[in-house]
Amino acid sequence: MTPNNDSICFALGMKDSNLIWMDYFYAFINLAKGTRKKLYPDIRKCRIYEFKLRNQLISCPNCHHRRLVKFGYSTVQTVFTTDDASHPVFLRIHKQRLRCKDCRRTFMAQSNVVRKYCHIANKVRAKVTMSFQDDRSLESIARDNTISPSTVLRYLDASRSIAPLYQRQLPTNLAMDEFRGVHRQLHFICIDNDHHRIQTILPDRFKRTIENYFLTFTPAERSRLYTISVDLSSYYQDIARRLFPHAEIIIDRFHIIAMMTRAFNQYRAQAMKQFPKTSRQYRLLKFSWQLYLKSATNLSYEHEYYDRHLRQKVTSGERVDLGLAINDRLRADYQFLQNVMQNLKQRNLDQLTESLYPGTELSPQMTAVLHTLRHNLMYVLNASRFDYSNGTIEGINRMIKQIQRTAFGFRNYNHLVYRIHFRQMAQKKNQAA
Ligand SMILES: [Zn+2]
């Protein structure tokens with residue numbers, strides 16, 4: 001039984017009526033390139049499909065005369081997709097040549113399987129481009145498709161035209177942040193906070209770069225912006241105020257809480273070090289520190305457990321009270337932290353403002369935080385007025401970190417940006433499904 005042309009073409013997924021199947025066989029081929037061919041040969045058992053490609057030209061494309069004669073074949077070997085990278089697949093295509101009797105030019109047959117002057121099938125190219133959406137390194141993609149990493153990189157560069165990198169319009173709700181990328185440099189990123197799309201990524205986070213980007217939009221477009229979420233650094237606030245005079249600035253509520261917990265922990269450690277390491281007070285402050293940062297409403301006064309550091313049975317509520325009884329300032333810090341956390345959560349604007357003016361004296365660390373919060377009072381209150389935060393952008397930054405880790409870092413800023421966009425395309429698809 002001889003498999004016919006149609007079934008072979010069907011199995012390989014090729015649609016070109018000019019391709020005529022001739023043979024298939026195994027062959028041992030040295031896949032090393034250039035000078036490595038002799039020094040470090042990479043001989044592998046390959047599957048070869050042999051085809052003839054008919055030339056269907058009727059008239060000469062150059063002089064339009066119809067005196068074309070057959071002029072032999074020229075053979076090319078094309079890398080094809082394979083399900084098993086240890087057995088690469090090659091297409092050996094004999095392309096028919098025709099020669100014009102008038103102008104003596106020759107014309108080689110072309111197919112839609114492989115581009116002109118190309119030795120890698122279009123299918124491989126499509127597969128590689130799809131692979132960019134996955135969390136994997138260029139080397140691994142190259143190995144899977146029996147092509148070189150530099151070819152994969154070239155395809156990545158060429159993929160620029162596939163999807164528009166950035167949004168052309170400004171969204172109504174924006175979030176700004178930065179991430180560490182090429183050469184440990186900080187890159188600016190901002191996203192559409194409603195649709196969770198990357199608005200833009202800029203190579204650095206200098207004021208001028210950011211302003212130049214946003215100034216490409218008309219003042220009317222910029223005035224339509226409703227909210228901007230930023231972190232507590234005054235850097236982005238200045239930019240936001242200048243470029244978007246009508247937008248509400250929101251300080252990310254997670255940043256507010258992170259700043260306060262950091263201050264609390266610093267003072268807790270300081271208070272702890274006043275006691276000898278063997279003392280009960282030291283142990284009370286050192287261990288189970290997560291309980292202090294938990295919302296007070298989540299602490300229990302009923303469920304007892306054995307605390308091995310204190311060697312006694314306590315409830316989580318009692319445990320916190322025991323620790324706070326040691327230091328008055330720590331207790332004041334704790335009250336302040338809990339009040340702000342709760343009012344932020346419950347969207348209690350009046351009480352949130354009130355809690356920023358505590359009657360008791362706080363630790364120096366917490367006082368510094370308090371001053372920052374009071375200084376940005378309007379924006380802090382916005383954090384509890386609006387639903388928007390920097391949560392999504394932090395998630396995207398985490399994804400970017402993962403991409404860089406898989407690739408062992410990037411040296412080229414554009415390549416990093418392309419990979420980020422491909423990865424986001426894949427995640428958008430998953431969300432839609
Ligand atoms: Zn001609």
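This is a predicted model: local features need pLDDT of at least 70, side-chain atom pairs count only at pLDDT 80 or more; totals for chains, interfaces and linings use all residues.
User: How many bridges join β6 to β7, and how many join β7 to β8?

Analyst: Strands of a sheet pair through backbone hydrogen bonds, either parallel or antiparallel. Here β6 and β7 run antiparallel, and β7 (residues 186-192) and β8 also run antiparallel. Ala175 has Ile191 in β7 as its bridge partner, while Asp192 has Arg197 in β8. The bridges number seven for β6 to β7 and five for β7 to β8.

User: Why is β7 largely enclosed by the rest of the structure?

Analyst: A residue counts as buried if 20 or more other C-beta atoms lie within 10 Å of its own. Strand β7 has seven residues, and it is largely enclosed because the number of them that are buried is five.

User: How many Å separate the centres of domain 1 and domain 4?

Analyst: According to the domain assignment, domain 1 spans 5-119 and domain 4 spans 253-385. The assignment also gives domain 2 (124-162) and domain 3, which has two segments, 173-252 + 389-432. Taken over C-alpha atoms, the centres of domain 1 and domain 4 are separated by 72 Å.

User: What radius of gyration does the protein have?

Analyst: The C-alpha atoms fill a box of roughly 100 × 60 × 40 Å along the principal axes. For a compact globule of 433 residues, the radius of gyration would be near 22 Å. The protein instead has a value of 33 Å.

User: What percentage of the residues count as buried?

Analyst: The protein has 18 helices and twelve strands. Among its contacts with a separation of 6 or more, 59% are between residues 24 or more positions apart. Of its 433 residues, the share that count as buried is 26%.

User: How far does helix α13 reach from its first C-alpha to its last?

Analyst: Helix α13 (residues 328-346) has 19 residues. At 1.5 Å a residue, 27 Å would be expected, and the helix is close to that. Just after α13, Arg347 takes a positive phi of about 60 degrees. From first C-alpha to last, α13 reaches 27 Å.

User: Which helices are included in what covers the buried residues of α13?

Analyst: The buried residues of α13 include Leu330, Tyr334, Leu337 and Met341. An α-helix has 3.6 residues a turn, so residues three or four places apart point the same way. The cover over the buried residues of α13 includes α9 (253-272), α11 (290-293), α12 (316-324), α14 (349-355), α15 (364-375) and α16 (377-385).

User: Is Arg319 buried or exposed?

Analyst: Arg319 is found in helix α12. Leaving aside neighbours within four places in sequence, it is in contact with Ser288, Leu291, Asp307 and Val314. Because 21 other C-beta atoms lie within 10 Å, Arg319 is buried.

User: In β12, what is the bridge partner of Asp307?

Analyst: Strands β11 (residues 304-307) and β12 (residues 312-315) pair in the antiparallel sense over four bridges. They form a hairpin with four residues between them, where Arg311 in the turn has a positive phi of about 55 degrees. The bridge partner of Asp307 in β12 is Gln312.

User: Which residues does Arg224 touch, not counting those up to four places away in sequence?

Analyst: Arg224 is found in the loop between α7 (219-223) and β9 (227-230). Arg224 counts as partly exposed because it has 16 C-beta neighbours inside 10 Å. The residues it touches are Leu170 and Thr172.

Terms used: Residues are numbered from 1 along each chain as its sequence is written. Two strands pair if DSSP finds at least two bridges between them. Helices (H or I, at least four residues) and strands (E, at least two) are DSSP runs, numbered from the N terminus. Domain bounds come from an automatic or database domain assignment. The expected span of a helix is 1.5 Å times one less than its number of residues. A residue is buried if 20 or more other C-beta atoms lie within 10 Å of its own, exposed if 12 or fewer, and partly exposed in between; C-beta atoms are placed from the backbone. Two residues are in contact if their C-beta atoms, placed from the backbone, lie within 7 Å. The radius of gyration is taken over C-alpha atoms; the globule rule is 2.2 Å times the number of residues to the power 0.38.
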